[in-house]
Amino acid sequence: MNDASAPASVPVIECSQLTRTYSEGPETLTIFSDISLRVEPGETVAIVGSSGAGKTTLLNLLGGLDRPTSGHIRICGQDIHRLSEAGRAKFRSRNLGFVYQFHHLLPEFSALENVMMPCALAGMKPSQAAVKAESLLARVGLAERLKHKPGELSGGERQRVAIARALVNEPQCVLMDEPTGNLDEQTGAGIRALIEDLRDQSGTAFVMVTHDMTMARSLGRVLRLEQGRLVQEL
Ligand SMILES: Nc1ncnc2c1ncn2[C@@H]1O[C@H](COP(=O)(O)OP(=O)(O)OP(=O)(O)O)[C@@H](O)[C@H]1O
C-alpha cells in the first residue's frame with residue numbers, strides 16, 4: 001500500500017460538492033451542501049454526528065443508492081449516475097459491500113446460503129460460491145454456525161454473517177451503517193477487530209456511520225457531519 005513505486009491508485013470513493021435537499025411542499029429542507037470527500041483504497045473513514053444530521057443520507061449517496069440534488073460521485077473512477085439503473089446495480093454488486101444495522105439477512109436461508117447469495121447473483125457456480133462463503137464465515141469465527149438460520153444466531157453472529165456477505169464478492173469498499181449499533185461492548189470490540197484485520201489483510205476500504213466514538217477513533221479518519229457540513233475531527 002505504501003510502496004512509493006506503485007502507481008497512484010484510483011480513490012474508491014470521490015465525491016465533490018454533494019448537496020441533498022428534500023422538498024416539503026413549498027419548503028426546501030437542506031440536509032447538507034457542498035460536501036467533498038475522497039476515500040483511498042485500504043482507508044477506514046468513520047462518519048459521526050448527532051441524530052438527524054444526515055449520516056445515513058450521505059452513506060446512501062456514497063453507495064449510489066440515492067441521487068444527490070447536485071454534485072458528483074465517482075466509485076472506483078466511475079461516475080455512477082452515468083450508468084442505467086441496472087448498470088448501477090451491477091456496478092454496485094461488483095465494487096461495493098453494504099452492512100446495515102438490522103442485517104437484512106434472508107430468514108429462511110442458512111448463514112452459508114445468505115453469504116453465497118451475492119456470488120450467485122454475480123453468476124458464480126454454486127460449488128465455488130460455497131467454498132468462498134465457507135472460508136469467509138470461518139474468518140469471522142462462524143465455522144460452527146454454517147447451517148444456522150438468522151433466527152438461530154445471536155445479534156453479534158448475525159452481524160458477522162452480514163459482514164461476511166458484504167465481503168464475499170471482494171468489494172473495493174464496504175459501507176456500514178452502525179455496524180456495532182445494537183451490540184454489547186465485547187461483541188462490538190470483536191467486530192472492530194474484524195474490520196481492522198480485513199482492512200489490513202485485503203486492503204478493503206471501509207466507510208461507516210457510527211455513534212461509537214471508540215471504534216471511530218481507533219479505526220482511522222473521523223469526519224463529523226454537523227449543520228450540513230462535513231468536518232474532520234482532530
Ligand atoms: N425521504 C425524506 N424526506 C424528507 N426528509 C427526510 C427524508 N429522509 C430523511 N429525511 C430527513 O433528513 C435528515 C437526515 O436523516 P438521516 O437518516 O440521514 O440522519 P442520521 O444522521 O443518519 O440520523 P440517525 O443518527 O438518527 O440515524 C433527518 O432530519 C430526516 O428527517
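## The core

Of the 62 residues in the largest nonpolar core, the ones touching the most other members are I47, V115 and V207. A nonpolar core here is a set of buried Ala, Val, Leu, Ile, Met, Phe, Trp, Tyr and Cys residues joined through C-beta atoms within 7 Å. Buried means that 20 or more other C-beta atoms lie within 10 Å of a residue's own, while exposed means 12 or fewer and partly exposed is in between, with C-beta atoms placed from the backbone. The biggest giver to this core is α5, with 6 residues.

This is a predicted model, so to speak of local features takes a pLDDT of at least 70, side-chain atom pairs count only at pLDDT 80 or more, and totals for chains, interfaces and linings use all residues. Numbering starts from 1 along each chain as its sequence is written.

## Around V115

V115 sits in helix α3 (residues 111–121), where A111, L112, N114, V115, M116, P118 and C119 are buried. Helices (H or I, at least four residues) and strands (E, at least two) are DSSP runs, numbered from the N terminus. Leaving aside neighbours within four places in sequence, V115 is in contact with A133, L136, L137, V161, A164, R165 and V168; contact means C-beta atoms, placed from the backbone, within 7 Å.

The cover over the buried residues of α3 includes α2 (85–95), α4 (126–139) and α5. Just after α3 comes G123, with a positive phi of about 90 degrees.

## The six-stranded sheet

Now for the sheets. One of them is open and mixed in its pairing, with 6 strands in the order β6-β7-β8-β3-β9-β10. Its edge strands, each pairing on one side only, are β6 (96–99) and β10 (229–232). Strands count as paired if DSSP finds at least two bridges between them. From one strand to the next, the twist averages 20 degrees; axes are lines fitted to C-alpha atoms, for helices over the stretch in contact, and angles run from 0 to 180 degrees between N-to-C directions.

Helix α5 (residues 155–167) packs on this sheet, touching β6 and β7 (173–177), and its direction makes about 165 degrees with that of β6. Over at β10, the partner is β9 (residues 221–226), antiparallel over 4 bridges. There, E226 stands opposite R229 in β10.

## The four-stranded sheet

Another open sheet has 4 strands in the order β2-β1-β4-β5, with antiparallel pairing. β2 (27–39) and β5 (78–79) are the edge strands, each pairing on one side only. β1 (residues 13–24) and β2 pair in the antiparallel sense over 9 bridges, and Y22 stands opposite L29 in β2.

Helix α1 (residues 55–62) packs on this sheet and touches β1, β2 and β4 (70–75). The direction of α1 makes about 125 degrees with that of β1.

## The whole chain

Altogether the protein chain has 7 helices and 10 strands, and 39% of its 234 residues count as buried. Its C-alpha atoms fill a box of roughly 50 × 45 × 35 Å along the principal axes. A compact globule with 234 residues would have a radius of gyration near 17 Å, and the chain's 18 Å agrees; the radius is taken over C-alpha atoms, and the globule rule is 2.2 Å times the number of residues to the power 0.38. Among contacts with a separation of 6 or more, 70% come from residues 24 or more positions apart.

UniProt places "domain: ABC transporter" at residues 13–234, in an unreviewed entry; its positions follow the numbering used here, feature names are shortened, and annotations may be inferred rather than shown by experiment. That span is 37% helix and 28% strand, with its end C-alpha atoms 22 Å apart.

Conventions: Two residues are in contact if their C-beta atoms, placed from the backbone, lie within 7 Å.
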